[in-house]
Amino acid sequence: MQNDYLRHGLNKGHPTTPIPKAVRPSQRKGIQSSRTKFVRSVVREVVGFSPYERRVMELLRNSKDKKARKLTKKRLGTLLRSKRKLEELGNIIQESRRAH
């Protein structure tokens, strides 16, 4: 008796339709909503920059990038956060140059 009736390969088994997985809140973590973005922009407008951010912007203007990186890393804890902050502040400096 041969195994003619057993299916092999990629299409083996009973054919089914996949049920799409629902996105759990934990999988959304870190994705910025439009509301959060707006609120943060309003807060930035009203409150301005913290003292260390002003100091870092001054260092970036005077092309002391390494010193700025060290300062932000000390304040924020990790190099990745530091790089993000430097990128953000660099963009703000460029915007202010375009405005003037």
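**Figure 1. Surroundings of Ser 82 in the predicted model.** Leaving aside residues up to four places away in sequence, Ser 82 touches Arg 69, Thr 72, Lys 73 and Leu 76. The structure shown here and in the other views is a predicted model. Ser 82 itself belongs to helix α4, which runs over residues 79-99. The relative accessibility of Ser 82 is 0%, and Ser 82 therefore counts as buried.

Figure 2. Helix α1 covers residues 34-47 and has 14 residues. From its first C-alpha to its last, α1 reaches 20 Å, close to the 20 Å expected at 1.5 Å a residue. The helix is hardly covered, and the count of buried residues among its 14 residues is 0. One of the residues in α1 is Arg 35. With a relative accessible area of 67%, Arg 35 is exposed, because exposed means over 50%. Between the C-alpha atoms of Arg 35 and Asn 62 there are 35 Å in space, while the two residues are 27 apart in sequence. Gly 48 follows α1 and has a positive phi, near 90°.

**Figure 3. The largest pocket and its lining.** This pocket, the largest, has a volume of about 260 Å³. Its lining consists of Gln 32, Arg 40, Ser 41, Arg 44, Glu 45 and Glu 88. Helix α1 gives the most to this lining, with 4 residues.

**Figure 4. The buried side of helix α2.** The buried residues in α2 are Tyr 52, Glu 53, Val 56, Met 57 and Leu 59. Around the axis they cover an arc of only 160°, so they lie on the same side of α2. Packing against these buried residues of α2 are α1, α3 and α4.

**Figure 5. Ser 63 in the loop between α2 and α3.** Ser 63 is placed in the loop between α2 and α3, and comes just after α2. Its phi is positive, about 50°, although Ser 63 is not a glycine. Is this residue buried or exposed? Ser 63 has a relative accessible area of 60% and is exposed, because the cut-off for exposed is over 50%.

Figure 6. Helix α3 has 12 residues and spans 16 Å from its first C-alpha to its last, close to the 16 Å expected at 1.5 Å a residue. Ala 68, Leu 71 and Thr 72 are buried in α3. Seen down the axis of α3, these buried residues fall within an arc of 95°, so they line one face of the helix. Helices α2 and α4 are included in what covers the buried residues of α3. On the other side of α3, Lys 66, Lys 70 and Lys 74 are exposed.

**Figure 7. Ile 93 and its contacts.** Ile 93 is found in helix α4. Its relative accessibility is 5%, and Ile 93 counts as buried because buried means under 20%. Ile 93 touches Met 57, Leu 60 and Arg 61, not counting residues up to four places away in sequence. Ile 93 and Leu 59 are 34 residues apart in sequence, and their C-alpha atoms are 11 Å apart in space.

Terms used
Residues numbered from 1 in each chain as written. Predicted model: local features only at pLDDT ≥ 70, side-chain atom pairs only at ≥ 80, totals over all residues. Heavy atoms only, no water. Helix = DSSP H or I, 4+ residues; strand = E, 2+ residues; numbered from the N terminus. Buried < 20%, exposed > 50% of the residue type's maximum accessible area, 1.4 Å probe, protein only. Contact = heavy atoms within 4.5 Å. Expected span 1.5 Å × (residues − 1). Arc of directions from axis to C-beta. 1 Å grid on protein atoms, 1.4 Å probe; cavity = no way out; pocket = protein on both sides within 12 Å on 5 of 7 lines; lining within 4 Å. Points joined across faces, edges and corners; volume = space filled by probe spheres on them.
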